Amino acid sequence: MANGRVIAIASGKGGTGKSSVALNLGIALAANGRKTTVVDGDVTMASLGVMLGLKRSPITIHNALMGEASVSEAIYDGPKGVKIVPAGLSLERIKRLDFEKFKTIVSELQQENEFVIVDCAPGLEKDAMACLTSAHEVLMVLNPEPASLADALKVKALAEKNGVKLAGLVTNMRMGEKAEIRNEELEKLFSCRVVASIPFDPNVKKAAATQHAAFVKYPESAFVQGISEATTFLLGGKPVKKVKKGIVRKVFESISALFKKN
Amino acid sequence: MFPTGKAIKSGELSEGTTPAEIVKQMQSAKLTGYIAFTFKTKNGFEDYVAAFINGQMQSAFCENFKTKTKLSGEQAFKAIENCSNEAIGFFDIVSLSEEQVKLAIAVRPEIKVAPAADQTKEEILKRYGLATLVENYG
């Protein structure tokens, strides 16, 4: 298989919904038939395995970063055919992680996948930089408010300095407030397209509370619609989301069905 | 609000396509004219009108039939961007000349939207209290 695309999902600021986007984007790509692995790069605050309720993950990316295991031993099945490399929950192990190994680990995954989605650590420390520099491109997740914008601009600058291309922006948790930053203003500041604009959606928290992905539990939700927009962008093709049938169309189709000849 | 122009689409039914997506399509198509859409949202029926010159939104207006709330300019633009994807409605697309769009906005300046294209990065950063970032990112 030709080398796949490695895409870092980054934001700088924590709490932007980056992990939810990374996980559900990976699931959406897999659901569209693309061999995809999602890597939890937030090694100090692991979340992907917890979000999916992975019951047993004895080998994680921590083991690979300590040289105790190969990354292939840390791959687990997720929904819709996606593969997950979770991070561990141990505080003790964090001190012994060798972030220099992260890029090699991701390269190995790249050989076997069409897409490797790296859920980046927030901030700009070693862990975050290891995630960012392991990728060819970054999809920036930000909330439409100044603090998130400021941190995202710093990530963009560092990404470009390290030769990682900014592929697109995902604005997440739009509340419809007057003071929110507009998508076209973000496009101007980042010189990059907003590929998905996702409204605040309580279904994301509801799904997380039950340790399921929103893509699986609430496929018709606004959040998943936004994920579908980002998926379409990455696949460079026609929209992948289903057209929601409204009442008018349903009634029309019902009436038409009555007149169809058998 | 706008003069009669050349109808590109009239009474088109929209299901599962939000006003924001329709706006994106007009931006890609580089519309000069306006779109008028009536949507049933969770807040009741709402009317929106947005005018464009070469795909750049110039003005926006929206009115909620139930509450009689009217929004103009930036607020209406944001209401369009944030309209729920559960909305269902109809829309018209009308082509106008650039002069006609400018004249209509001149008559009702409160509906004007400042396109981001007209603002510098510095101006945008300053508006959001990020003037200190201008040196590095403006």
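Biologist: What makes A:Met173 part of a strand?

Modeller: A:Met173 lies within strand E7 (residues 165-174) of chain A, where helices (H or I, at least four residues) and strands (E, at least two) are DSSP runs, numbered from the N terminus. This is a predicted model, in which local features need pLDDT of at least 70, side-chain atom pairs count only at pLDDT 80 or more, and totals for chains, interfaces and linings use all residues. Residues are numbered from 1 along each chain as its sequence is written, chains are lettered from A and ligands numbered from 1 in the order in which they are written, and side-chain values use heavy atoms, with hydrogens and water left out.

Biologist: Why is A:Met173 called partly exposed?

Modeller: Buried means under 20% relative accessible area, exposed over 50%, and partly exposed in between (1.4 Å probe, protein chains only). A:Met173 has a relative accessible area of 27%, and therefore A:Met173 is called partly exposed. The phi of A:Met173 is near 65 degrees, which is a positive value in a residue other than glycine.

Biologist: Is B:Lys30 buried or exposed, and how do you know?

Modeller: The relative accessible area of B:Lys30 is 51%, which is over 50%, so B:Lys30 counts as exposed. B:Lys30 sits in the loop between helix H1 (19-29) and strand E2 (33-41) of chain B, and its phi, near 55 degrees, is positive although the residue is not glycine.

Biologist: Why is A:Ala87 called buried?

Modeller: Its relative accessible area is 8%, which is under 20%, so A:Ala87 is buried. A:Ala87 belongs to the loop between strand E4 (83-85) and helix H4 (91-94) of chain A.

Biologist: Which residues does A:Ala87 touch?

Modeller: With contact meaning heavy atoms within 4.5 Å, and not counting residues up to four places away in sequence, A:Ala87 touches several residues, among them A:Asp40, A:Val43, A:Thr60 and A:His62.

Biologist: What makes strand E4 of chain B largely enclosed?

Modeller: In strand E4 (residues 56-64) of chain B, 8 of the 9 residues are buried, so this strand is largely enclosed by the rest of the structure.

Biologist: How do you know that E3(B) is joined to E4(B)?

Modeller: Two strands pair if DSSP finds at least two bridges between them, and 8 bridges join strand E3 (residues 44-53) of chain B to E4(B), the two running antiparallel.
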